[in-house]
Amino acid sequence: MASEKTDVVIVGVGAAGGILAAELAKGGLKVVGLERGPRLQTADFMPHDELRYFQRQDLRPNVKRQPVTWRANATARANPLPVLNYGNQAGGGTIHYGAVSWRFHEDDFRARSHTIERYSAAAIPEDSSLADWPLSYAELEPSYDRAEYDLGVSGKAGNMQGRKIDGGNVFEAPRRREYPLPPLIVDQAGQLMDAAARKLGQHPFPTPRAILSQAYKGRTGCTYCGFCQGFGCHVGAKSSILVTKLPEADATGNFDLRTGVMVYRVNSDNSGRVTGVSYYGPDGADTTIEADLVILAPFIYDNTRLLLLSATDRFQKGLANSSGEVGKHLMAHMMPRIFMTFEDRYVNTYMGPSAQKHTVDDYDADTFDHSGKGFIRGAQISVDTDNLQGGPIGTATGMNPPPGVPRWGSAYSEFLAKYFGRHAAMVAQTENLPYADQTIDLDPNVRDQWGLPAPRLTYDWRRPNELARVEFMMQRMEEIGRAMGASRVWRAPLSPGIPGAHHEGGTRMGTDPHTSVVNRYGQSWDIPNLFIIGSSTFPSMSGHNPTLTIQALSYWTADAILNRYVRTPGPLA
Amino acid sequence: MSKDSVTRRAFLMRAAAVAGAGSIATAGVVPEAGAAGGQTPHKAAMAEPTGAKHGAFFNAGDAATVEAFVERLMPGAPGRPGARDAAVLNYIDLALAGPYAEQQYFYRRGLAALNAYCRSTYGEAFVRLGAARQDAVVAALESGKASSFTWPTAQAFFNTLRTHTMEGMFADPIYGGNKNFAGWRLVGFPGAQPVFTPGDMQSKQQFTRAPIIGLQQQGPMPRKGGK
């Protein structure tokens with residue numbers, strides 16, 4: 001069968017792919033979006049069902065059919081991860097995410113240079129591959145602004161063109177204007193944390209989130225139902241790709257979304273260009289589609305996996321991999337956590353958007369002096385629920401009881417009965433450094449439902465720099481918790497090396513084709529009509545959540561394609 | 001066949017032995033009180049039906065063992081609903097017949113090892129032990145000290161039963177547990193509320209503005225958001 005042809009194929013229609021699909025289709029290009037999961041609707045999210053969405057992870061990839069394996073080091077055997085923290089439907093992770101949505105700090109974009117300037121090269125762990133980004137915050141600022149206003153983000157500015165504003169994040173990079181929407185209501189735990197952090201001389205603020213605090217662009221505001229992280233929004237107030245960019249893309253008439261399809265290879269020819277992709281349909285049918293431009297925008301595992309699976313005689317190490325860097329520098333936020341109980345009041349943390357509700361950035365990035373601390377880079381610290389969501393299954397399975405209280409029996413039941421409504425948690429989202437031996441590759445033993453090798457992660461966060469940072473953050477959280485008036489403050493156990501949330505890396509961007517996979521536009525150094533978009537391109541990861549930066553980079557790349565590449569196809573940098 | 005009809009059939013098969021729905025809640029509590037001394041045989045175990053539904057997966061003996069075990073994890077007391085009140089057994093039974101079917105063998109082996117351990121240590125099956133001895137057995141599993149287990153390990157079996165107990169306590173009743181919102185009443189969770197108002201968000205009290213809502217009570221989608 002002759003294969004069909006289109007201008008652009010986008011693999012993965014999530015946080016990045018959805019924006020590129022809409023912007024390129026609006027620009028007049030014919031776009032085919034290939035999405036592994038289904039396209040759900042807001043009406044699908046009415047069941048507020050903690051078992052289905054949180055506990056059984058209904059909006060995430062199935063760990064049996066779509067396994068991802070993990071091992072702590074290259075000599076260990078890899079086993080499938082029990083939970084996969086990314087999306088599996090049109091809109092990707094923006095359907096179920098907690099919607100924390102903010103820009104990176106200025107020094108996040110030049111963490112290596114900044115560290116050397118303020119401290120010394122010796123401050124960077126010898127084995128870390130920490131690198132500057134090939135673009136600056138100032139260059140990306142217009143795209144951040146566009147993402148916030150286009151999608152709808154609620155927050156309060158803390159740095160307006162250099163003017164610091166109390167109540168916002170005074171450590172944020174300068175922004176040209178206020179957020180498009182005021183902050184969401186601050187819940188009881190957020191108010192307690194705000195007062196406590198101020199008492200300690202810190203600068204708390206309501207976490208900016210891509211959740212509408214009031215009606216915006218025809219969409220309704222948040223109802224504070226609390227079924228947020230892990231759930232789709234039942235009123236469409238979460239600014240997911242499903243309710244923002246997909247309708248725009250549909251309206252162009254240039255966008256063809258195909259769901260339930262698994263792309264297994266990017267095709268290339270002897271001229272060194274990619275020609276399109278091949279995929280399995282929902283019925284297993286093997287289909288090839290040709291395209292002038294191929295954009296890879298799935299979750300990071302599949303960027304690396306697809307490039308490796310697409311090796312040819314010409315590209316023997318995989319596509320876009322002349323540098324040998326594909327799959328390296330895997331990063332993840334670790335989420336050390338404390339819990340708190342209160343005696344004289346309820347805090348009802350199950351109400352309202354559940355993830356990282358109220359935050360201090362006083363220990364993030366390089367906002368504080370790291371001299372003598374034994375680590376570089378920091379963490380955001382936020383008050384929230386037990387496991388970023390607020391229901392009782394999450395509490396019973398995600399909160400270890402305090403010392404002296406057993407995990408079962410009468411004493412445990414009494415503890416839960418008394419403190420479910422009178423407890424809160426705090427989490428530090430740490431900026432772990434990149435290391436070249438933290439990798440993604442193809443698992444030689446485990447295959448997925450399509451018979452493809454599973455992505456295999458080799459990763460252990462427990463390195464001296466990262467352990468020292470976690471201990472420091474635990475102590476800061478305990479201080480804040482005690483200042484909040486908690487009767488008990490205790491720690492959650494640390495993870496056994498397994499990567500945490502928000503994975504980054506594998507196809508890092510840079511200025512040198514010998515040490516990076518893509519340029520500042522996500523364009524492959526080796527293959528100019530192949531773009532790779534998403535947090536897989538991050539050279540370092542910031543303590544902030546990645547999605548808004550993924551989205552800003554998507555607008556940035558869409559502009560570069562429409563304004564420059566389409567006129568003169570070829571290298572953009 | 002729907003979950004309801006499966007459990008209904010199982011329920012009807014045992015109907016002759018079941019006094020009625022009204023007795024279910026108390027059935028779980030009284031024997032525990034009687035067993036407080038620790039050595040009294042567990043009266044509810046074999047001789048008396050508890051009324052909790054099962055039959056989609058478990059046979060009668062395994063059902064009794066699971067029901068007794070999960071009641072030790074989340075014991076009922078006056079004013080404090082427990083696993084039996086919440087019909088956690090029914091939740092696990094349905095889960096193993098459906099979404100957790102791959103864990104059937106895990107349960108079969110785990111339950112056999114549990115009773116082997118009880119017999120070798122105390123000369124009786126788990127359900128025949130008094131509450132204090134049952135608690136000692138549970139603790140031996142939790143700490144991994146219980147012998148007789150290979151696969152699953154004692155700790156893995158304990159952890160799975162604990163997780164499934166919490167699911168059965170706190171998942172929506174549509175899944176067969178959390179009967180009459182027993183779990184949500186225990187902790188004061190109001191269920192699937194579609195809206196919390198600014199007043200709710202600022203309150204330092206327990207939420208009581210609206211009744212507990214489950215999936216089968218959820219109404220049409222609210223169109224107006226909070227400001």
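Guide: H10(A) is followed by A:Gly485, whose phi is positive, near 90°. Helices here are DSSP runs of H or I with at least four residues, strands are E runs of at least two, and both are numbered from the N terminus. This is a predicted model: local features need pLDDT of at least 70, side-chain atom pairs count only at pLDDT 80 or more, and totals for chains, interfaces and linings use all residues. Residues are numbered from 1 along each chain as its sequence is written, while chains are lettered from A and ligands numbered from 1 in the order in which they are written.

Helix H10 of chain A covers residues 464-483, 20 residues in total. Its first and last C-alpha are 29 Å apart, close to the 28 Å expected at 1.5 Å a residue, where the expected span is 1.5 Å times one less than the number of residues.

Buried residues of H10(A) include A:Phe472, A:Met473, A:Arg476 and A:Ile480. Buried means 20 or more other C-beta atoms within 10 Å of the residue's own, with C-beta atoms placed from the backbone. The cover over these buried residues includes helix H5 (188-199) and strand E13 (337-341) of chain A.

Now the partner. Chain B has 10 helices and 0 strands. Buried residues make up 46% of its 227 residues. Across the interface, 45 residues of chain B are in contact with 43 residues of chain A; contact means C-beta atoms, placed from the backbone, within 7 Å. H8(B) gives the most to the side of chain B that touches chain A, with 5 residues.

Note on methods:
Buried ≥ 20, exposed ≤ 12 C-beta atoms within 10 Å, placed from the backbone. Contact = placed C-beta atoms within 7 Å.
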